[in-house]
Amino acid sequence: MFELNKNYIIRTVTHTYTGEIVKVSETELMLNSCAWIADSGRWMDAITKGTLNEVEPMGDGVIVSRGAIVDATPWTHELPKDQK
């Protein structure tokens, strides 16, 4: 179950995102401080160390369809804010 005001890394069928969940509806999530993760690198390194290979910041108010989500993991690191 998603928790408001918590950070997650979310994999969808086409993209991966990091961000703080600020709204949850039956069909969508809204993320602030969102970034599209073009290349997460090794998954275990990403979730345990917070290392990501390619990051494209998207800002606030990004909406993700819950129907497209494959999995989500709490993100315990600082959210990436710089393009990389």
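**Notebook: a look through the predicted model**

I began with burial: of the 84 residues of the protein chain, 30% count as buried. Buried means under 20% relative accessible area, exposed means over 50%, and partly exposed lies in between, with a 1.4 Å probe and protein chains only. This is a predicted model, where local features need pLDDT of at least 70, side-chain atom pairs count only at pLDDT 80 or more, and totals for chains, interfaces and linings use all residues. Residues are numbered from 1 along each chain as its sequence is written, and side-chain values use heavy atoms, leaving out hydrogens and water.

**Overall fold**

I looked up the secondary structure next. The protein chain has one helix and six strands. Helices (H or I, at least four residues) and strands (E, at least two) are DSSP runs, numbered from the N terminus. Along the sequence the pattern reads β-β-β-α-β-β-β. The radius of gyration is 11 Å, close to the 12 Å that the globule rule gives for 84 residues, so the protein chain is as compact as a globular protein of that length. That radius is taken over C-alpha atoms, and the rule is 2.2 Å times the number of residues to the power 0.38. I noted a box of roughly 30 × 20 × 20 Å for the C-alpha atoms, along the principal axes.

Then I checked contacts, meaning heavy atoms within 4.5 Å. Among those between residues at least 6 apart in sequence, 56% join residues at least 24 apart.

**Cores**

Which residues make up the largest nonpolar core? I found 10: Tyr-8, Ile-10, Tyr-17, Ile-21, Leu-29, Leu-31, Cys-34, Val-62, Val-64 and Ile-69. A nonpolar core is a set of buried Ala, Val, Leu, Ile, Met, Phe, Trp, Tyr and Cys residues joined through side-chain atoms within 4.5 Å. Two or more residues come from each of β1 (7-12), β2, β3 (28-39) and β5 (62-65). Strand β3 gives the largest share, three residues. I also found a second, separate core of eight residues, including Ile-9, Ile-37, Ala-46 and Leu-52.

**Rings**

I searched the whole structure for aromatic pairs and found one. The rings of Phe-2 and Tyr-8 have centres 5.5 Å apart and planes at 75 degrees, so the pair is edge-to-face. Rings of Phe, Tyr and Trp (its six-membered ring) pair if their centres lie within 6.5 Å; planes under 30 degrees apart are stacked, over 60 edge-to-face, and the rest tilted. Are the two partners buried or partly exposed? Tyr-8 is buried at 7% relative accessibility, and Phe-2 is partly exposed at 22%. Leaving aside neighbours within four places in sequence, the contacts of Tyr-8 include Phe-2, Tyr-17, Ile-21 and Trp-75.

I also saw the charged end of Arg-11 over the ring of Trp-43, 3.8 Å from its centre. This requires NZ of Lys or CZ of Arg within 6 Å of the ring centre and within 35 degrees of the ring normal.

**Single residues**

Thr-16 lies in strand β2 (residues 16-24) and is buried, at 13% relative accessibility. Beyond neighbours within four places in sequence, Thr-16 contacts residues including Arg-11 and Trp-43.

Asp-39 is in strand β3 and partly exposed, at 29%.

Where is Thr-76? I found Thr-76 in the segment after β6 (69-74), exposed at 66% relative accessibility. Thr-76 and Met-58 are 19 Å apart, C-alpha to C-alpha.
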